[in-house]
Amino acid sequence: MTAPLRIAIPNKGRLEQPTAALLGDAGLSFELSRRSLSTLVRNANIEILFVRADDVPELVADGVAELGITGLDLLAESEAPLEVIAKLGYGHCKLAAAAPTGSDIAGISDFKGLKVATAHPTVTARFFAEKGIGITTIRLRGSVEVAPKLGVADAIVDLVSTGSTMLVNGLRQVATLMQSEAALVALPGTVAGGDSRRVATMLRAVIAARRKRYVLMNAPADAVNAISDLIPGLEAPTVVPLTAKGLVSIQSVVAADDVWAILPDLERAGASGILVLPIQQLIP
Ligand code: AMP
């Protein structure tokens, strides 16, 4: 048997659970163990490496793993020359510059000469250097948001999703350095075929499916046009005659975010027995 394809994924933190769930939804069956460094997938020639999210870019760049899943912020911070094969639709956050609420730091130019605490010193230094604003970065691995309170730094650059942690710590966001989410990464040009490509296709299919719902309903045949206008589907809805005369079953794929708004309109157009189902995988 050929050597297994290796995929490096986070072994703890915010990306751990959603990443394992994504691989599971893609059909890979494996044991999730906090203690082991790696595990073999039961139903494919794949080995999963459980590593720190911030080690993923390096391991893929060094060829230890062919594929990796990590945050775009960590990819940028590592400066590893990797290609983003797919954005994965979870782990959304932004890297933001923030200053104490009471300070007179109103804009990015007010950061000139300040000490800026961050777990992302490379991205931070590059951002301010590109704008010609001289700062000193203080590298912290955690609890970045308390640095100004402790007198360690004047301001921070940190990840934000809801913004509540910053508020609680008396910080005000001043600028966004970058948006981040989880991503599948690889060395450029290496996902052209074979198992890497298969995995990338499977993951994309799961991500696409999560954004869609399968909607089925019964309707009078003369309501098909009105209903089709509401749910055009991937190409066109499927219309199947029912044994009851004059009735059809209409089936289509609808954006998950739109379902709530469309259902009352479908009912008004004559649909009944409407079912909304999740989709496991979708290749358009
Ligand atoms: P963690 O291992 O939990 O410290 O976080 C690892 C990664 O999760 C980060 O580098 C981001 O890519 C992602 N993430 C998503 N939302 C957040 C957030 N609100 N704070 C920190 N990290 C986040």
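1. A word on angles first: those under 35 degrees count as roughly parallel, over 145 as roughly antiparallel, 65 to 115 as roughly perpendicular and the rest as oblique. They run from 0 to 180 degrees between N-to-C directions, with axes fitted as lines to C-alpha atoms, for helices over the stretch in contact.

2. Please keep in mind that this is a predicted model, where local features need pLDDT of at least 70, side-chain atom pairs count only at pLDDT 80 or more, and totals for chains, interfaces and linings use all residues. Residues are numbered from 1 along each chain as its sequence is written, and side-chain values use heavy atoms, without hydrogens and water.

3. Now to the sheet, which is open and mixed, with 6 strands in the order E2-E3-E1-E4-E11-E5. Helices (H or I, at least four residues) and strands (E, at least two) are DSSP runs numbered from the N terminus, and two strands pair if DSSP finds at least two bridges between them. Strands E2 (38-40) and E5 (83-87) each have a single partner strand, so one side of each lacks a neighbour in the sheet.

4. Next, the helices. The axes of H1 (residues 16-25) and H7 (residues 194-210) come within 9 Å and cross at roughly 100 degrees; the two helices are therefore roughly perpendicular. In contact (heavy atoms within 4.5 Å), Ala 21, Leu 22, Leu 23 and Asp 25 of H1 meet Leu 203, Val 206, Ile 207 and Arg 210 of H7.
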